[in-house]
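Subject: Structure handover

Hello,

Here is the structure you asked for, with the sequence. My notes on it follow below.

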Amino acid sequence: MLNRLIAGTLPLLPKRFVWLFSRSYIAGETVDDAMAACTDLNAAGIKTTIDILGEFIRNMDEAKKNCEEYLALIDVAQRHGIDGNYSVKPTMFGLLIDAESCYGHLREIVARAAGHGNFIRIDMEDSGCVDLELDVFRRLKTEFPENVGLVLQAYLRRTRDDLKALMDLHTPSVPLNFRLCKGIYAEPGRIAYQRRDEINAHFLQDLEFMFQNGVYPGIATHDRALVDGALALIDRYQVARDGYEFQMLYGVTPELRRTIIEAGHTMRVYVPYGRHWFGYSTRRLKENPKIVNSILKSILLK
Ligand code: FDA
């Protein structure tokens, strides 16, 4: 109860307080910080997907700057030889202001990654963005079949239908590549399943559909029950080691991450960095208010 109360007032908290929590979950503010984090992860046998923090911009000048920042990031990461790809949030490029210009920016970013033989993952944002993001993905996937993937959220009631509808873009030689996660945004019951058991059941059903149809899934979860469920499906469908990967957020459940890696599965970590860490952090804290306890402890025990 107290945790929830504190979590609800997070945006009002002093930045320094939130940073105490954030420093474990964010690579830092600069591209150099991101390169250092990715180099360390790569050395531990972990692939990365780098995300520049920011979303829901106010004008298209910001979209242009964000696009330039991503283009520079891709060039820097390629020069560093990072074993990883990139994740983007379309609202950071003006999806809800000018969808066509947003598409232009994303196309430029995917083209730059494709030039390096690399890959861009389109993150899925709240339910008001889903149709637009599916459309952006469809267009980019048609032009750059090997260089773009999408996120699907198991909590959305529509996801299975979306998944089936997207299968027309799938070919065995260039499989669809979807990150499957639970979904992080607060959505009403008519749009999204609310109960944990319902969400988990749909997660595993969506994953099973992907394995049955040769889709390459990024299994994005820190939930032990889902990891076990995914491993059972991998076993049942005899999926080859290069037919899927696990994905986790930077700094989250490192123990579980280690057991998955030690069992020989591919692991990719989502590495967020940038100046806009405050919004990202308060969202993470709201999602998992129990963390507030650890912050309080870390302050009180200093
Ligand atoms: P669950 O929430 O049950 O967490 C299991 C346990 O993991 C918790 O008990 C806790 O110990 C730990 N944990 C989970 N999240 C934590 C956190 N943030 N901080 C600290 N501990 C945490 N969502 C979305 O809507 N669109 C997207 O594009 C993405 N992208 C994405 C990429 C990757 C790589 C991951 C792993 C996740 C996302 N998500 C996302 C977020 C996702 O939808 C979901 O909200 C979180 O992963 C939490 O769900 P879990 O499956 O981990 O289970």
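How do the residues of the shell around the ligand divide into nonpolar, polar and charged? There are 12 nonpolar, seven polar and six charged residues in that shell. Please keep in mind that this is a predicted model.

Ligand surroundings. The ligand is surrounded by 25 residues, and the closest are Asp-123, Cys-181, Ile-184, Thr-221 and His-222. At least two residues of the shell come from each of β4 (148-153), β5 (177-181), β7 (245-249) and α11 (277-287). With three residues, β7 gives the most.

Barrel. Eight strands form a closed barrel in the order β1-β2-β3-β4-β5-β6-β7-β8, and the pairing is parallel. From one strand to the next, the twist averages 30 degrees.

β4 and β5 run parallel and are joined by four bridges; Cys-181 in β5 is the bridge partner of Gln-153. Cys-181 is also among the residues closest to the ligand. β5 in turn pairs with β6 in the parallel sense, again over four bridges, with Arg-179 opposite Gly-218 in β6. Between β6 (residues 216-220) and β7 there are three bridges, and these strands too run parallel. Here Ile-219 stands opposite Phe-246 in β7.

Burial of the strands. Why is β5 largely enclosed by the rest of the structure? Five of its five residues are buried, so the remainder of the structure largely encloses this strand. The burial applies to both faces: Asn-177, Arg-179 and Cys-181 lie on one side, Phe-178 and Leu-180 on the other. β6 is mostly covered, with four of its five residues buried. Helix α8 (residues 196-212) lies across β4, β5 and β6, and runs at about 165 degrees to β5.

In soluble globular proteins, nonpolar side chains tend to be buried together. The largest nonpolar core in this model counts 67 residues, and Leu-180 and Val-271 have the most contacts inside it. Helix α4 (residues 60-79) provides the largest share of this core, six residues. For Val-271, if neighbours within four places in sequence are left aside, the contacts are Ala-27, Ala-34, Ala-37, Cys-38, Thr-48, Thr-49, Ile-50, Asp-51 and Tyr-250.

Regards

Methods
Residues are numbered from 1 along each chain as its sequence is written. This is a predicted model: local features need pLDDT of at least 70, side-chain atom pairs count only at pLDDT 80 or more; totals for chains, interfaces and linings use all residues. A residue is near a molecule or strand if its C-beta atom, placed from the backbone, lies within 6 Å of it. Ala, Val, Leu, Ile, Met, Phe, Trp, Tyr, Cys and Pro count as nonpolar, Asp, Glu, Lys and Arg as charged, and the others, Gly among them, as polar. Two strands pair if DSSP finds at least two bridges between them. Axes are lines fitted to C-alpha atoms, for helices over the stretch in contact, and angles run from 0 to 180 degrees between N-to-C directions. Two residues are in contact if their C-beta atoms, placed from the backbone, lie within 7 Å. A nonpolar core is a set of buried Ala, Val, Leu, Ile, Met, Phe, Trp, Tyr and Cys residues joined through C-beta atoms within 7 Å. A residue is buried if 20 or more other C-beta atoms lie within 10 Å of its own, exposed if 12 or fewer, and partly exposed in between; C-beta atoms are placed from the backbone.
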